[in-house]
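This report goes through a protein model piece by piece. Please keep the sequence and the 3D view at hand while reading.

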Amino acid sequence: MPRCIRLIAVIGVSLILFTSVGKSADFDQPAATFERITEGVHVTDSVCSFGVCWVDYDNDGFPDIFVGNWLFHDDDGFPDFSVTNVQNNDSLQSNALFRNNTDGSFSKVPSQVLPIKCPFLGCTWGDYDNDGDLDAFLVIPGIRTGIPNMLFSNEGGVSFAKITDGPVATDVGINTHASFVDYDNDADLDLFVANHAIMDTLGAFVYRNDSGRLVRVAIRDLGLEREDVGAMAWGDGDGDGDLDLVYARNMLPSRYYRNNGDGLFFSVSNAISTDSTGAYCWGDYDNDGDLDLCGGDAWSQGLIIYTNDGKAVFTRSIVDEADTATHTMRRPHWIDYDNDGDLDLFVAKNASPYNAAANVLYQSDGHGGFRSVNCGALVSDLESSAGAAWADYDRDGDLDVYVASNNYTSNAFYRNGGNDNNWIEIRCIGTTSNRSAIGAKIRVKARINDRDVWQLREISSQSAFFSQDEMLAHFGLGDAPIIDSVRVAWPSGRIQTLTNVKPNRLLTITED
């Protein structure tokens, strides 16, 4: 094991840090390496990018890349948000949709397929009309452009139709983040849009899905407060079958709302609501069957793990303290990059568009400890990273990562070299539940390193800051030759169980 490895173990609220000088029994699995891909149109566009989504928009079984680009410049080099500049300049194309050619290369989709000419921060994809393909919603800083957010219906992977009627097509705000989510478990996807609040006039935009039509709902009718929301994260924190909501409020303590199961929410005070954290991600990092939370940003104490006791009571642990000198923002992301059966932690770091920083990868030891992997291009390249998203783009069984950069240089794409560990990827298709299966919980049991291990993943339309992983569940299986059980808990409440499942494949499960 190279000496450029640090070990961080999180125990309670303490921080333990020491240098690894040899191979540890906790880290005897072969780690994966990453190669930066430098050729191809998906890595040579030089723009200011924020959000990135892995989405199979054409349903060919391979994930494509959608990148949200924000700022344009006028002749003097300063950002230009004017509608005239954006809409009348034929040389500008703010969106970037790259089709996966299934051979390792990508092609840029012609702009007329998804016609977008405006700066936007992020996006969320989901099958809101339940017709079998993924639709797109774009988050636009409308207060500067005068342009509302945009919703596009996918027309079979060939073209997209812009939705032009209703509040979802006309609302203008200071939008930052959005998520498709079935918050009321009625089998169709609703839409939540995070918004900065000015003098109590904005707050989040909430659109309830009524038979494929998104209808604006007053947030206070749902039990939510009108407040400044920078980002959100959805997850079933209390394990009761519906999705709870975490608000990241700029420079203010975060807010945790429990879903009452009847379409209403109520605020709960816990360890999360004590911190001013700007980005969150859910994941069962300790494999105890409930979703834990990781948060990080410049205004908190750094990178924090909130360990769940199963009932949304969280124990707070600091993993990495904030760098108050550079105000580096941390955008965390749970993934099993080495396929050893536990979740690792990737952190995209950003100080400003003109102050690059190195990203960080923490490898889990499977017992609550992490080591910072400080070797390789993924964590040594100096970037101004914004959103990052993970997917097995080449279907070789390991997760690759695309990192958006907002410093007007090329975005970064890293291919995972993999190892000999086993794996499985599970795609869920809802029937009684929403077609995208957002909110479905997939549990996998396998014997890894002579231990019976249960793992948990939850399908979501938002995986990290401004970004979205491919909507399937990826599990590393280590040396397990067979999967004892696969258990899917659908949003409808139905449970499906498969036994003696072969690994090393993509498995599609359709709701009975």
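## A hairpin

In the hairpin of β14 and β15, 2 residues lie between the strands, and Ser211 takes a positive phi near 55°. Strands here are DSSP runs of E of at least two residues, numbered from the N terminus. β14 covers residues 205–210 and β15 covers residues 213–217; they pair in the antiparallel sense over 5 bridges. Two strands count as paired if DSSP finds at least two bridges between them. Arg208 has Val215 in β15 as its bridge partner.

The model is predicted, so local features need pLDDT of at least 70 and side-chain atom pairs count only at pLDDT 80 or more, while totals for chains, interfaces and linings use all residues. Residues are numbered from 1 along each chain as its sequence is written, and side-chain values use heavy atoms, with hydrogens and water left out.

## Salt bridges

The structure holds 14 salt bridges. A salt bridge is a side-chain nitrogen of Lys or Arg within 4 Å of a carboxyl oxygen of Asp or Glu. One of them joins Arg216 and Asp171 at 2.8 Å, N to O. Arg216 lies in β15 and Asp171 in the loop between β11 (159–162) and β12 (175–181), so this pair ties together parts that are 45 residues apart in sequence. Arg216 is partly exposed at 35% relative accessibility, whereas Asp171 is buried at 13%. Buried means under 20% relative accessible area, exposed over 50%, and partly exposed in between (1.4 Å probe, protein chains only).

Asp236 and Lys441 also meet in a salt bridge, at 2.9 Å, N to O. Asp236 is in the loop between β16 (231–235) and β17 (244–248) and Lys441 is in β34 (residues 441–448), so the pair ties together parts that are 205 residues apart in sequence. Asp236 counts as buried at 3% relative accessibility, and Lys441 counts as buried at 11%.

## An open sheet

Another part of the model is an open sheet of 4 strands in the order β3-β32-β31-β30, with antiparallel pairing. Its edge strands are β3 (34–37) and β30 (385–391), each of which pairs on one side only. β30 is joined to β31 (residues 400–405) by 5 bridges, and Ala388 stands opposite Val403 in β31.

## A buried tryptophan

Trp334 lies in strand β24 (residues 329–335). Is Trp334 buried or exposed? At 7% relative accessibility, Trp334 counts as buried. Leaving aside neighbours within four places in sequence, Trp334 is in contact (heavy atoms within 4.5 Å) with residues including Cys281, Trp282, Tyr285 and Phe370.
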